[in-house]
Amino acid sequence: MQKLGYFFSVIFLVLFLSACGEQKAEQSPVEINGRTMGTTYNIKVFPGPVSLDAERFKSEVDEALIAVNESMSTYIPDSEINQFNRLAANTVMPISEDFRKVTAESIRLGQSTKTLDVTMGPLIDLWGFGPDKRPTKRPSQSEIEAMQDNIGVDKLTLTSKGLSKSLSHLELSFSATAKGYGIDKVAELIERKGIENYMVEIGGELRISGSKPGATPWRIAIEKPDAPVGQRQIHRIIEPGKNSVATSGDYRIFYEMDGEVFTHLIDPATGKPVKHDLVSVTVLHPSAMTADGLATALTVMGTERAKAYAEQHKLAVYLISKTQDGLKTYSSSAFAPYLNKD
């Protein structure tokens with residue numbers, strides 16, 4: 001969806017592999033799938049007593065996701081986000097409610113984490129990350145510092161009248177929050193119909209509610225970071241309950257330039273690609289948008305900072321770090337109840 005994505009989703013679904021047992025007719029799921037935001041979506045609901053026509057339901061889902069994409073995709077010339085990116089400094093632009101919600105949460109997360117910055121697209125461009133997310137040049141320290149002075153959520157002003165920026169060249173990219181917001185929009189659509197048991201997945205990020213027939217919990221697996229190339233292996237199965245699940249990591253996206261290894265994740269504090277041992281972060285949160293943003297922010301932080309932030313803010317977080325002795329895992333206090341005991 002976005003011009004520059006700076007997270008890599010590594011959630012590995014096993015939702016459809018868990019046995020559901022014999023399903024009665026009234027428990028038969030409604031499943032739909034399609035494409036959105038440059039990726040795919042898969043939705044599975046158990047409507048119970050609610051009458052749900054699959055074709056009409058898919059039409060409603062597509063309509064909701066198209067609205068989000070037309071508002072927040074940098075690939076659509078006249079999208080709301082591109083209109084803002086072309087806006088002159090200190091000019092207030094009236095914005096839609098969807099755009100307001102994503103902007104407000106992106107600003108909040110940026111201020112809180114210091115590692116999620118939805119204005120850092122030009123900094124990523126400075127490193128020469130092209131369509132394949134591969135760096136093509138190493139900017140000088142002076143170029144990095146000059147760019148850092150010209151980005152930041154502190155240069156955005158959100159009021160009841162709309163959104164403005166203090167610098168005309170400041171640009172937004174919601175690559176770490178818009179997809180999650182799309183999931184939330186679909187989940188809200190489902191819940192308005194009175195349906196409690198569902199799963200919404202877009203590009204590997206999830207929002208889950210209720211259970212499958214027979215009170216069987218939804219289960220997903222976190223992918224094993226050190227699996228052989230080309231293989232997907234299960235590291236740990238979790239039972240998220242009524243939550244969204246977002247996983248971010250950099251272990252499959254790294255490049256070598258001038259004899260040095262770089263990832264696609266850039267820390268706005270240093271202006272450089274991160275270098276640490278944290279390879280996978282899984283976040284559980286009621287909001288998919290928030291989980292999405294936090295997964296990216298915590299990955300940029302590194303293991304120790306991510307641990308401290310998770311405990312300070314009582315977040316359900318699962319970390320995997322790569323050490324000389326192999327993989328090392330950490331689950332926050334809030335995450336422990338979701339670990340599958342089987």
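Two strands are counted as paired if DSSP finds at least two bridges between them. The legends below use this sense of pairing, and the model they describe is predicted.

View 1. Strand 15 (residues 278–285) and strand 16 (residues 316–323) run antiparallel and are joined by six bridges. Within strand 16, Ile320 stands opposite Ser280.

**View 2. Helix 1, its cap and its cover.** Helix 1 covers residues 54–72, and its 19 residues should span 27 Å at 1.5 Å a residue; the end C-alpha atoms are 27 Å apart, which agrees. At the N-terminal end, Asp53 caps helix 1 through a side-chain oxygen that lies 3.3 Å from the backbone nitrogen of Glu55. Which residues of helix 1 are buried? They are Phe57, Val61, Ala64, Leu65, Val68, Asn69, Ser71 and Met72. An α-helix has 3.6 residues a turn, so residues three or four places apart point the same way. The cover over the buried residues of helix 1 includes strand 2 (30–36), strand 3 (39–46) and strand 6 (197–202), together with helix 2 (80–85), helix 3 (97–113) and helix 6 (178–192).

**View 3. Arg207 in strand 7.** Arg207 belongs to strand 7. Is this arginine, Arg207, buried or exposed? With a relative accessible area of 12%, Arg207 falls under the 20% cut-off and therefore counts as buried. The side chains of Arg207 and Asp184 are joined by a polar contact of 2.8 Å. Beyond its neighbours within four places in sequence, Arg207 is in contact with residues including Ile183, Ala187, Glu191, Tyr198, Asn243 and Pro286.

View 4. Thr177 sits in the loop between strand 5 (162–165) and helix 6. Its relative accessible area is 0%, so Thr177 is buried. Not counting residues up to four places away in sequence, Thr177 touches Val102, Ser106, Leu116, Met289, Asp292 and Gly293.

**View 5. Leu156 in strand 4.** Leu156 lies in strand 4 (residues 156–159). Leu156 counts as buried because its relative accessibility is 9%. Leu156 and Leu172 are 16 residues apart in sequence, and their C-alpha atoms are 9.7 Å apart in space. Leaving aside neighbours within four places in sequence, Leu156 is in contact with Phe84, Ile107, Thr119, Leu163, Ser164, Lys165, Leu170 and Leu172.

**View 6. The whole protein, for orientation.** The protein has eight helices and 17 strands. Of its 342 residues, 55% count as buried. Among contacts between residues at least 6 apart in sequence, 66% join residues at least 24 apart. The protein exposes about 15000 Å², and carbon and sulfur atoms supply 50% of this area.

Definitions and conventions: Residues numbered from 1 in each chain as written. Predicted model: local features only at pLDDT ≥ 70, side-chain atom pairs only at ≥ 80, totals over all residues. Heavy atoms only, no water. Helix = DSSP H or I, 4+ residues; strand = E, 2+ residues; numbered from the N terminus. Expected span 1.5 Å × (residues − 1). Buried < 20%, exposed > 50% of the residue type's maximum accessible area, 1.4 Å probe, protein only. Contact = heavy atoms within 4.5 Å. Polar contact = N/O pair within 3.5 Å; in protein donor to acceptor, adjacent residues only side chain to side chain. Areas by Shrake-Rupley, 256 points an atom, 1.4 Å probe, with all protein chains shown as cover.
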